[in-house]
Amino acid sequence: MHKMRKTLMFCLLLAGICSPVFSGEWKAHVVKSLDALVSSCVVVPCSFTHPGGNLPNSRLRGIWHRHDKWNEIIYNEDNSKILDNFKGRTQMLGHLGQNNCTLEIVDIKDHDNGPFCFRIELVRTEDNEPTKDKFSFVEECVEFNMLPDVPAPTLNHPPTAIEGQPYTVTCSIIHTCPSHWPKLSWTWKTGEIIEYHKDIRSGNWETQSILAFVPEEKDDHSEITCTAEFFGGKTSSKTFSLYVKRTENYNHIIIPTVVAIGTAVIFGLLCIFMAKKYKRRIAELQNQDGSMWNRLSRLSRRIRPDRPAPSRSEQRRSIWSRFSRRPKGDMVDFGHTPNNVTCGADQKVSKPRFPSPKSQPKSYNYKEDLDDGDDYVNTADLNVYGNI
């Protein structure tokens, strides 16, 4: 009894030393569903753990096979064991020594829908033969959703661009093949282009291309196209029209308004000037007409036939009164008497004394004499230097 007990303990200790796989757990993490573009490629993220601890790649062998059909292998490091329609189209991207079992499939066919499962085997170093330590993760398999048509890229941009200000357009595409990024290109020839690749989890990736430029007025209603080219040659594109808004400086409103106001002011001032000028001219004409009318009226009163003409002596007195400035009572003795005038021996005749030009200014108001309606002068009958 004691001997059997010792033998059992020795066997358990030997098994623990020689086969550490019994002390761990086999696990795998595989994305269960992915989109696959026909004729392109797909990458299946995969990771695993095993009870063997950290082993080099030479001690590990990774295999991908169909679900429940271990002999239908789509990937093996031994190419002779792969199905004919998968030869040259699959490869292991991950390093098994780092517990990475990521698989890439290129030139996708419409019947490559799966499901496909991963299997890990521990091998001997000397003969590269598998050991009994192997495990198929049939509960962690991947299926593909076959996409016969290329998805169109997505464009994100402001609805309107402003002239002279930076404008940004983002073109993005979601794919499942990070080993061969889709190529995004633009029909716009100016500006700066920046490209990003982002892991959005569960085997899906997003490629972004950002176009930044400064639009001009001539770019209004121009078309901008983003084209995505996938691995395998398939392409898709998206186009939008660029609407450029003028810079909001209101010059197109202010300048015409100022011009219109200035024109109106100049026209108004010109009208006021012309009105004043014509009013002044009309007033002058009216004054001239009134003066002439007054003169004509006075002249008509002088020559009225119902008024008796002044006598010759009155005409003489009127004429002499205009030229004489001698005060009354100043008499002059001429010393002789004309033949046609009879005077007494002691009679004196008054003679008008003409003023000296030096003593008195030459001013004479002919208007007052003309305004005197009682004076009537007949130059035909008047003899200034006649006999007295």
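# Bridges, a sheet and disulfides

Glu-216 is partly exposed, with 42% relative accessible area. Its side chain meets that of Lys-218 in a salt bridge. This is a predicted model. The structure holds eleven salt bridges and four disulfides. An open sheet of three strands is also described below.

**Salt bridges**

- Glu-216 and Lys-218 are 3.7 Å apart, N to O. Lys-218 is exposed, because its relative accessible area of 67% is over 50%.
- Salt bridges with shared partners also build one network. The network joins Arg-61, Glu-77, Arg-119 and Glu-121.
- Asp-107 pairs with Lys-109 in another salt bridge. The closest N and O atoms of Asp-107 and Lys-109 are 3.1 Å apart.
- Asp-107 counts as partly exposed, at 33% relative accessibility. Lys-109 is partly exposed too, at 31%.
- Glu-206 and Lys-198 form a salt bridge through their side chains, at 3.8 Å from N to O.
- Glu-206 is buried, because its relative accessible area of 15% is under 20%. Lys-198 is partly exposed, with a value of 42%.

**The three-stranded sheet**

- The strand order in this open sheet is β3-β8-β7. The pairing is antiparallel.
- Strands β3 (41–44) and β7 (90–92) are the edge strands. Each of these edge strands pairs on one side only.
- From one strand to the next, the twist averages 15°.
- In general, strands of a sheet pair through backbone hydrogen bonds.
- Strand β8 covers residues 103–106. Four bridges join β3 to β8, and the two strands run antiparallel.
- Val-42 stands opposite Ile-105, a residue of β8.

**Disulfides**

- A disulfide is a covalent bond between the sulfur atoms of two cysteines.
- The link is left-handed, with -110° about the S-S bond.
- Cys-41 lies in strand β3, and Cys-177 lies in the loop between β13 (167–175) and β14 (183–186). The pair therefore ties together parts that are 136 residues apart in sequence. Both Cys-41 and Cys-177 are buried.
- Cys-117 is joined to Cys-141 by a disulfide, with 1.7 Å from S to S. This link is right-handed, at 100° about the S-S bond.
- Cys-117 sits in strand β9 (residues 116–123), and Cys-141 sits in strand β10 (residues 130–147). The pair links distant parts of the chain, 24 residues apart. Cys-117 and Cys-141 are both buried.
- Cys-171 and Cys-226 form a disulfide with sulfur atoms 1.9 Å apart. Their link is left-handed, with -85° about the S-S bond.
- Cys-171 is buried, with a relative accessible area of 0%. Cys-226 counts as buried as well, at 0%.

**Cysteine pairing and exposure**

- Number the bonded cysteines of the protein in sequence order, and the pairing reads 1-7, 2-3, 4-5, 6-8.
- Cys-271 is partly exposed, with a relative accessible area of 38%.

Terms used: Residues are numbered from 1 along each chain as its sequence is written. This is a predicted model: local features need pLDDT of at least 70, side-chain atom pairs count only at pLDDT 80 or more; totals for chains, interfaces and linings use all residues. Side-chain values use heavy atoms; hydrogens and water are left out. A salt bridge is a side-chain nitrogen of Lys or Arg within 4 Å of a carboxyl oxygen of Asp or Glu. Buried means under 20% relative accessible area, exposed over 50%, partly exposed in between (1.4 Å probe, protein chains only). Two strands pair if DSSP finds at least two bridges between them. Axes are lines fitted to C-alpha atoms, for helices over the stretch in contact, and angles run from 0 to 180 degrees between N-to-C directions. A disulfide is a pair of cysteine sulfur atoms within 2.5 Å.
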